[in-house]
Number of protein chains: 4
Amino acid sequence: MIKLGLIGLGKMGFNLAQNLLSRGHETVVYDVDAGASQRLADQGAEPASTLAELVSRLEAPRTIWMMVPAGVVDHVIGELKPLLSAGDVLIDGGNSHFKESVARGKMLEKAGIHYVDVGTSGGISGAASGGCFMIGGSREVFKGIEPLFQDIAVPKGYLYAGPSGSGHFLKMVHNGIEYGMMQAIAEGFEILEKSEFDYDYEEVARVWSNGSVIRGWLMELAESAFAKDAKLDGIKGVMHSSGEGKWTVETALDLQVSAPVIAMSLLMRYRSLDEDTFHGKVVAALRNEFGGHSVVTSD
Amino acid sequence: MIKLGLIGLGKMGFNLAQNLLSRGHETVVYDVDAGASQRLADQGAEPASTLAELVSRLEAPRTIWMMVPAGVVDHVIGELKPLLSAGDVLIDGGNSHFKESVARGKMLEKAGIHYVDVGTSGGISGAASGGCFMIGGSREVFKGIEPLFQDIAVPKGYLYAGPSGSGHFLKMVHNGIEYGMMQAIAEGFEILEKSEFDYDYEEVARVWSNGSVIRGWLMELAESAFAKDAKLDGIKGVMHSSGEGKWTVETALDLQVSAPVIAMSLLMRYRSLDEDTFHGKVVAALRNEFGGHSVVTSD
Amino acid sequence: MIKLGLIGLGKMGFNLAQNLLSRGHETVVYDVDAGASQRLADQGAEPASTLAELVSRLEAPRTIWMMVPAGVVDHVIGELKPLLSAGDVLIDGGNSHFKESVARGKMLEKAGIHYVDVGTSGGISGAASGGCFMIGGSREVFKGIEPLFQDIAVPKGYLYAGPSGSGHFLKMVHNGIEYGMMQAIAEGFEILEKSEFDYDYEEVARVWSNGSVIRGWLMELAESAFAKDAKLDGIKGVMHSSGEGKWTVETALDLQVSAPVIAMSLLMRYRSLDEDTFHGKVVAALRNEFGGHSVVTSD
Amino acid sequence: MIKLGLIGLGKMGFNLAQNLLSRGHETVVYDVDAGASQRLADQGAEPASTLAELVSRLEAPRTIWMMVPAGVVDHVIGELKPLLSAGDVLIDGGNSHFKESVARGKMLEKAGIHYVDVGTSGGISGAASGGCFMIGGSREVFKGIEPLFQDIAVPKGYLYAGPSGSGHFLKMVHNGIEYGMMQAIAEGFEILEKSEFDYDYEEVARVWSNGSVIRGWLMELAESAFAKDAKLDGIKGVMHSSGEGKWTVETALDLQVSAPVIAMSLLMRYRSLDEDTFHGKVVAALRNEFGGHSVVTSD
């Protein structure tokens, strides 16, 4: 049973900590918000009030899991590195860009520190009770920490993907696919919504979740969402994004992959952020210029 | 010099009438709105108060040009047909669907009436002072009325395209291209608008209209539009459409042509008609379900 | 237990027949290919050699399920109608266009025959051992045949969707979503394939099938496909389509739904049918014209 | 009349040199390929065999125009910088990324060297006989060299766009629009090609170039291309790209602009580079898995 240090107790990290604790892993936890550490202490974790304390509570060779926002990883590594020893394993379980993971892997290897990039899927519930993990780094290092993934993943739910960066790359592409699948499902429901028929969307998502070709977790989540709000009247169609979809499209461009569905699902998210668009104004103005078509005036 | 009957005095028809009159063509005009006929009478046209009168004022073999909305063509043909004689030429200069033009050509040919489908481009100003005409029907019939097009088109601005339907097909595809070009231009200006730079769009459209690869009439119209309203503040980005773009996409699907740019330019027009979208709500709800990402609540 | 007539013993019909027989339903079967009927007779079905015989082997009110290609439905209905009685139930379990189902429902109702349009998902294996059924028609008629669906569907795998046409509409949209989801998954694997990493795609599909957000039947099928051919070297990337995706896009256009992901997944299928494209030639020629960029000459 | 140094005598640079010489500008020319310099010397240019010689042949404050590939600009600046004096003007007339132009402008300004980024459009013929120029940098510096642009641009064909980077940004977006317009035109011709009609494409491009809404230089170039090869039989539909379209899409993503038409025109170029696609194989394999749809086997 691996004793683990866990840095970052946001939604994903907190649930992962509970997962680890429930499986009997000793876990030293740290977050800039001491309250989160304290709540986990009540469930059996060892709270550390500084990164130094977290490191000191683990015996070398250590295994430390970072679950922090992508923008903070370099800062945490910068603080941790002088505290670590050759042979320690540092896991980045967040959504870092794969190129950064490749670079960090090289940089840390020079100090003998083994870097492992882990893409995590399954959402909050997956972190809490069994998720999906895509793991990049040295195969030998992976073998050493494999028991950890056997415990926190669903059965068959982890993969040693290849060298540094390959875990985060795989997670990035996973998210790109997710964007496309979500947009496909969403377009389907919009066609239903504008149709001449009057469907019960919860029931539709339920029947599509059972026996159909398009069954899967996203459809089950759609059923759950419609169960709470039958027509989603309570929410706006503003589709935020957290970066991995954009990275996927940028990577597709770099690799000259024609990935129109993933690209369009991203562009429709951006479209949803604007109430009105400048491109729409230009087209409306041009139609008016050549055809005298009337425009809709703004108030 | 051909004496012509002209039915339909909307924006396009009225300007075409003026064009014909200015070139010295005798023109009998008819519209359900008698006021339009009267205004043209002041400019030398012969107003007819009924279709029957219009027909009676022309000597067989007659040349009659319909410039009416696509939805009204069958009605007008239905009224005209009993009044016409074998050898008469009936021109549909509006935006009819090419399949209807093929069918009408066949149907009228049985009565010896020559049907000519003419796609008209150039906007209102083109109709008024020289447009672009794509002509389908019998080549022999076309030869007989070619002098008409020599007068109303800009130099080199008319084409005998082929058998019945080929004129309207060509015009339909022209409009599909137009959708794509307008959206491309509009997206470019939106990128400028959201950039770190502060461009003068009238000046940008002006420089792009002179010497650049993307120069053309649409860019000149953009210059004109920005001259009137520098940031298009006065109009909303609602992009209406009048049908030919949809026909083009439907035809592309029938012919299994991958036409993503024309298709996306149409879909963005539809997107602009909705303030909020159901697909956006579904994606936002799904993100909330698996990731706890907060949604924007509607008021 | 409903005694059923089943017309059409292709891949889907044959497996559905086996499903029905295995659940103890008496089933009279007919296909233009008598061999299929005979094979089912060996499994307990009553083979009919004509439609008339099939009808005569059922007592009124009859329940008859058609599982024939969309293009043949009118022909079968034409033959069946004079043989049926008021009160009989005629099910179309194939992929008919919903507008035709609406029309057929109205037409048959005049003769007192109850038409039920059933969209069927789940593929061949679903037909064989439990599929997903979307059912349109009269609710009362549905209630009468509901026990049938309880037997042949997976648990929770059937839905009374609404009036005539609503079942096939739902299935059509289901297929549109399926196109989008498949293309999203496929684009993801192409990004992996062109990346700097060397993934084992069977393993990737396996890990994504367990615990990830994008898990579902399609991902499980990807695992199965890669298990048979690790890099899919044996097959070409030609993506045929059977019509429902096109109908979905056409319907989206009619309803003015911006459905770019479903539309692009269809257009990429069309693109895959062409080894070379005329649009590519035009762009290459234009680049050569203005920039002197060299073109690739055809042999 | 400004005496100018011109570095880089490729297709664009060579033609620009001829343009300058024909207007009576003294021009010192340099290229790594001495042959190009020599050919221009025959037309009145002063050839320099090194960058140092080129600089020494100009009196401070100098005006030097670089027309070199984007990948070489830093190298040339590195060599030039020690040779230049405060007050010199260095123009980058190539297709550099605007972010690099912003950075170079800042870096050179520290040495008192005025950097001007100039986006150039109009193709080879534009460079030769009057192009379109989008100019970024200090307005005051621009004023000093404006006479140069008055000579080499078509009337109204240059614009002071704003601070450093704004010229190349504008050119980048211009190219993005160009991608979209070209793809729109090309899709239109593909629809014609697959239609039931038999059009003469040279004639179509000719009529669309005269009086239509979509008239412009690209359509004129299409006419020219079809005049040389009526069906473009001699060339393949492989659409290469030189980078600015990709930059435009990447910039749109950074600015969260929904630019589907420009994005799709880029993705179709990438698609054209592959004879077969991995995404196609995956979709074909999935269809086979769930529906037993046959695949096309590779040889």
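**Two interfaces of chain D**

Between chain D and chain B there are 0 salt bridges, a salt bridge being a side-chain nitrogen of Lys or Arg within 4 Å of a carboxyl oxygen of Asp or Glu. The model is a predicted one, in which local features need pLDDT of at least 70 and side-chain atom pairs count only at pLDDT 80 or more, while totals for chains, interfaces and linings use all residues; side-chain values rest on heavy atoms, with hydrogens and water left out. Residues are numbered from 1 along each chain as its sequence is written, and chains are lettered from A in the order in which they are written.

What chain D and chain B do have is 16 residue pairs in polar contact, both residues at pLDDT 80 or more. A polar contact here is a pair of N or O atoms within 3.5 Å; within protein, one must be able to donate a hydrogen and the other to accept it, and residues adjacent in sequence count only if both atoms are side-chain atoms. On the side of chain D that touches chain B, H8(D) gives the largest share, 17 residues. By class, that side splits into 38 nonpolar, 22 polar and 9 charged residues (Ala, Val, Leu, Ile, Met, Phe, Trp, Tyr, Cys and Pro count as nonpolar, Asp, Glu, Lys and Arg as charged, and the others, Gly among them, as polar). Together the two chains bury about 5900 Å², with 75% of it on carbon and sulfur atoms; buried area is the accessible area (1.4 Å probe) that two parts lose on being put together, summed over both.

Now for chain C and chain D.

Chain C and chain D share 4 salt bridges, and D:Lys194 pairs with C:Asp274 in a salt bridge at 2.6 Å, N to O. There are also 26 residue pairs in polar contact, both at pLDDT 80 or more.

Key:
Helix = DSSP H or I, 4+ residues; strand = E, 2+ residues; numbered from the N terminus.
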